[in-house]
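Me: I have a new model open and would like to learn how to read its side chains. Could you walk me through a few features?

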Amino acid sequence: MYKTLRLNIERKINLTDEEWKCILEKAEFIKLKKNEFLQIQDSNSSYEGFILKGAFKTYIINDNGTETVIFLSFENEWMCDIENFYHQKPTTYNIKAIEDSEILVISKANKMLLFEQVPKLIQFHIIMVEKANIAIQQRLLDVLNKTSKQRYLEFIARYPHKLKAVNNKNLSSYLGVSHEFLSKIKRGC
(Lines give C-alpha, C1' and ligand atoms only; values in the text may rest on other atoms or scores of the structure.)
Protein backbone atom coordinates (compact mmCIF):
# COMPACT_ATOMS: atom_id res chain seq x y z
CA MET A 1 0.00 0.00 0.00
CA TYR A 2 2.85 2.42 0.76
CA LYS A 3 5.10 1.44 -2.11
CA THR A 4 6.13 5.05 -2.90
CA LEU A 5 7.52 5.51 0.61
CA ARG A 6 9.52 2.30 0.42
CA LEU A 7 10.89 3.28 -3.00
CA ASN A 8 11.82 6.71 -1.62
CA ILE A 9 13.78 5.17 1.24
CA GLU A 10 15.33 2.43 -0.89
CA ARG A 11 16.82 4.97 -3.29
CA LYS A 12 19.31 5.59 -0.47
CA ILE A 13 19.34 2.40 1.66
CA ASN A 14 18.12 -1.17 1.17
CA LEU A 15 15.43 -2.54 3.47
CA THR A 16 14.53 -6.09 4.36
CA ASP A 17 10.85 -6.97 4.61
CA GLU A 18 11.26 -7.17 8.40
CA GLU A 19 12.77 -3.66 8.53
CA TRP A 20 9.96 -2.36 6.34
CA LYS A 21 7.44 -3.93 8.72
CA CYS A 22 9.08 -2.06 11.64
CA ILE A 23 8.70 1.23 9.76
CA LEU A 24 5.03 0.62 9.02
CA GLU A 25 4.35 -0.28 12.66
CA LYS A 26 5.70 3.12 13.76
CA ALA A 27 4.05 5.23 11.07
CA GLU A 28 0.55 6.65 11.22
CA PHE A 29 -1.66 7.14 8.16
CA ILE A 30 -3.56 10.44 8.08
CA LYS A 31 -6.15 11.41 5.49
CA LEU A 32 -7.02 15.10 5.23
CA LYS A 33 -9.61 16.89 3.18
CA LYS A 34 -8.79 20.13 1.40
CA ASN A 35 -8.27 22.96 3.95
CA GLU A 36 -7.79 20.64 6.94
CA PHE A 37 -4.75 21.20 9.12
CA LEU A 38 -1.96 18.74 9.83
CA GLN A 39 -0.40 21.28 12.20
CA ILE A 40 -1.49 24.60 13.71
CA GLN A 41 0.98 27.38 14.56
CA ASP A 42 2.00 27.49 18.27
CA SER A 43 0.60 24.02 19.00
CA ASN A 44 2.56 21.06 20.32
CA SER A 45 1.77 18.61 17.51
CA SER A 46 4.96 17.23 16.06
CA TYR A 47 5.26 15.09 12.95
CA GLU A 48 7.63 14.24 10.20
CA GLY A 49 5.63 13.15 7.20
CA PHE A 50 5.83 11.63 3.74
CA ILE A 51 3.12 12.77 1.35
CA LEU A 52 1.49 9.85 -0.43
CA LYS A 53 -1.15 11.90 -2.23
CA GLY A 54 -2.13 15.54 -2.39
CA ALA A 55 -0.52 18.87 -1.60
CA PHE A 56 0.22 21.01 1.46
CA LYS A 57 1.19 24.56 2.21
CA THR A 58 3.45 25.43 5.11
CA TYR A 59 2.84 28.99 6.21
CA ILE A 60 2.83 31.53 9.02
CA ILE A 61 0.36 34.20 10.02
CA ASN A 62 2.31 37.44 10.44
CA ASP A 63 1.68 39.97 13.22
CA ASN A 64 -0.42 42.03 10.80
CA GLY A 65 -2.64 38.98 10.10
CA THR A 66 -1.36 38.21 6.62
CA GLU A 67 -0.43 34.73 5.50
CA THR A 68 3.06 33.99 4.17
CA VAL A 69 3.53 30.66 2.40
CA ILE A 70 7.01 29.35 3.14
CA PHE A 71 6.82 25.99 1.36
CA LEU A 72 4.52 24.07 -0.96
CA SER A 73 4.85 20.28 -0.71
CA PHE A 74 3.54 17.54 -2.97
CA GLU A 75 3.42 13.77 -3.49
CA ASN A 76 6.60 11.83 -2.74
CA GLU A 77 8.08 14.66 -0.68
CA TRP A 78 8.95 14.82 3.00
CA MET A 79 7.56 17.57 5.19
CA CYS A 80 8.45 18.68 8.72
CA ASP A 81 8.62 21.68 11.05
CA ILE A 82 12.24 20.88 11.89
CA GLU A 83 12.64 22.90 15.09
CA ASN A 84 9.33 21.65 16.46
CA PHE A 85 10.06 18.02 15.61
CA TYR A 86 13.63 17.80 16.87
CA HIS A 87 13.50 20.23 19.81
CA GLN A 88 9.86 19.76 20.85
CA LYS A 89 9.18 23.52 20.76
CA PRO A 90 5.74 24.89 19.88
CA THR A 91 5.17 24.77 16.15
CA THR A 92 6.34 27.70 14.07
CA TYR A 93 4.15 26.94 11.06
CA ASN A 94 0.66 26.03 10.01
CA ILE A 95 0.57 23.05 7.68
CA LYS A 96 -2.65 22.75 5.71
CA ALA A 97 -3.84 20.44 2.95
CA ILE A 98 -4.56 22.43 -0.21
CA GLU A 99 -6.23 19.43 -1.81
CA ASP A 100 -7.50 16.12 -0.47
CA SER A 101 -4.35 14.47 0.82
CA GLU A 102 -2.90 11.34 2.38
CA ILE A 103 0.27 11.37 4.45
CA LEU A 104 2.25 8.92 6.55
CA VAL A 105 3.60 10.57 9.69
CA ILE A 106 5.91 9.53 12.48
CA SER A 107 6.44 11.03 15.91
CA LYS A 108 9.91 11.79 17.24
CA ALA A 109 9.57 9.05 19.88
CA ASN A 110 8.70 6.45 17.23
CA LYS A 111 11.52 7.67 15.00
CA MET A 112 14.01 7.20 17.85
CA LEU A 113 12.66 3.66 18.39
CA LEU A 114 13.13 2.99 14.67
CA PHE A 115 16.75 4.12 14.90
CA GLU A 116 17.28 1.45 17.57
CA GLN A 117 15.43 -1.27 15.64
CA VAL A 118 16.71 -0.38 12.15
CA PRO A 119 20.05 1.43 12.67
CA LYS A 120 20.63 1.96 8.95
CA LEU A 121 17.74 4.44 9.02
CA ILE A 122 20.15 6.84 10.74
CA GLN A 123 22.02 7.04 7.42
CA PHE A 124 18.74 7.78 5.61
CA HIS A 125 17.90 10.39 8.25
CA ILE A 126 21.22 12.17 7.69
CA ILE A 127 20.51 12.28 3.95
CA MET A 128 17.02 13.71 4.63
CA VAL A 129 18.40 16.42 6.93
CA GLU A 130 21.01 17.34 4.32
CA LYS A 131 18.31 17.60 1.63
CA ALA A 132 16.11 19.72 3.91
CA ASN A 133 18.98 22.08 4.64
CA ILE A 134 19.78 22.39 0.95
CA ALA A 135 16.11 23.06 0.13
CA ILE A 136 15.89 25.78 2.79
CA GLN A 137 19.14 27.34 1.61
CA GLN A 138 18.02 27.21 -2.04
CA ARG A 139 14.65 28.76 -1.19
CA LEU A 140 16.44 31.63 0.57
CA LEU A 141 18.85 32.14 -2.34
CA ASP A 142 15.97 32.06 -4.84
CA VAL A 143 14.05 34.71 -2.90
CA LEU A 144 17.13 36.91 -2.59
CA ASN A 145 18.60 36.50 -6.07
CA LYS A 146 15.91 35.56 -8.58
CA THR A 147 13.10 37.60 -10.00
CA SER A 148 9.52 36.67 -9.29
CA LYS A 149 9.15 35.62 -12.91
CA GLN A 150 12.19 33.30 -12.66
CA ARG A 151 10.78 31.71 -9.48
CA TYR A 152 7.37 31.30 -11.15
CA LEU A 153 8.87 29.67 -14.26
CA GLU A 154 10.96 27.29 -12.12
CA PHE A 155 7.90 26.38 -10.05
CA ILE A 156 5.75 25.54 -13.09
CA ALA A 157 8.63 23.58 -14.66
CA ARG A 158 9.07 21.52 -11.48
CA TYR A 159 5.36 21.01 -10.69
CA PRO A 160 3.37 21.29 -13.94
CA HIS A 161 0.92 18.65 -12.68
CA LYS A 162 0.13 20.69 -9.53
CA LEU A 163 -0.68 24.10 -10.99
CA LYS A 164 -4.43 23.53 -10.51
CA ALA A 165 -3.95 22.55 -6.85
CA VAL A 166 -2.18 25.81 -5.99
CA ASN A 167 -4.52 28.76 -6.23
CA ASN A 168 -3.28 32.25 -7.10
CA LYS A 169 -3.45 33.42 -3.48
CA ASN A 170 -1.11 30.65 -2.30
CA LEU A 171 1.19 30.93 -5.30
CA SER A 172 1.51 34.71 -5.03
CA SER A 173 2.28 34.40 -1.30
CA TYR A 174 4.87 31.68 -1.99
CA LEU A 175 6.49 33.84 -4.67
CA GLY A 176 6.29 36.96 -2.49
CA VAL A 177 4.25 39.01 -4.93
CA SER A 178 0.75 40.51 -5.06
CA HIS A 179 -2.11 38.76 -6.88
CA GLU A 180 -1.99 41.51 -9.48
CA PHE A 181 1.72 41.07 -10.11
CA LEU A 182 1.28 37.29 -10.40
CA SER A 183 -1.36 37.91 -13.07
CA LYS A 184 1.12 40.12 -14.97
CA ILE A 185 3.77 37.41 -14.73
CA LYS A 186 1.34 34.79 -16.05
CA ARG A 187 0.26 37.05 -18.95
CA GLY A 188 3.90 37.63 -19.88
CA CYS A 189 4.76 33.93 -20.04
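Me: Which residues have side chains joined to Glu48 by a polar contact?
Reply: Keep in mind that this is a predicted model. The side chains of Glu48 and Lys111 are joined by a polar contact of 2.7 Å. Tyr86 also makes a polar contact with Glu48, side chain to side chain, at 3.1 Å.

Me: How many residues apart in sequence are Glu48 and Tyr86?
Reply: They are 38 residues apart in sequence, while their C-alpha atoms lie 9.6 Å apart in space.

Me: Is Glu48 buried or exposed?
Reply: The cut-off for buried is under 20% relative accessible area. Glu48 has 5% relative accessibility, so Glu48 counts as buried. This residue lies in strand E3, which covers residues 48-53. Beyond its neighbours within four places in sequence, Glu48 is in contact with residues including Trp78, Cys80, Leu104, Ile106 and Met128.

Me: What should I look for in a nonpolar core?
Reply: In soluble globular proteins, nonpolar side chains tend to be buried together. Here the largest nonpolar core has 18 residues, and Ile9, Trp20, Ile23, Leu114 and Leu121 touch the most other members. At least two residues of this core come from each of helix H1 (3-10), helix H2 (17-26), E3, strand E8 (101-106), helix H4 (108-117) and helix H5 (121-145). Another core, of 16 residues, lies apart from it; Ala55, Tyr59, Tyr152 and Val166 are among its members.

Me: Which residues does Ile23 contact, leaving aside neighbours within four places in sequence?
Reply: Ile23 is in contact with Ile9, Leu15, Leu114 and Leu121.

Me: And how do I read a pair of aromatic rings?
Reply: A pair of aromatic rings is described by the distance of the centres and the angle of the planes. The count of aromatic pairs here is eight. In one of them, the ring centres of Phe74 and Tyr159 are 4.3 Å apart and the planes are at 50°, so the pair is tilted.

Me: Which charged residue lies over the face of Tyr174?
Reply: Arg139 does, at 3.9 Å from the ring centre.

Definitions and conventions. Residues numbered from 1 in each chain as written. Predicted model: local features only at pLDDT ≥ 70, side-chain atom pairs only at ≥ 80, totals over all residues. Heavy atoms only, no water. Helix = DSSP H or I, 4+ residues; strand = E, 2+ residues; numbered from the N terminus. Buried < 20%, exposed > 50% of the residue type's maximum accessible area, 1.4 Å probe, protein only. Contact = heavy atoms within 4.5 Å. Polar contact = N/O pair within 3.5 Å; in protein donor to acceptor, adjacent residues only side chain to side chain. Core = buried A, V, L, I, M, F, W, Y, C linked by side-chain atoms within 4.5 Å. Phe/Tyr/Trp six-rings, centres within 6.5 Å; stacked < 30°, edge-to-face > 60°. Lys NZ or Arg CZ within 6 Å of the ring centre and 35° of its normal.
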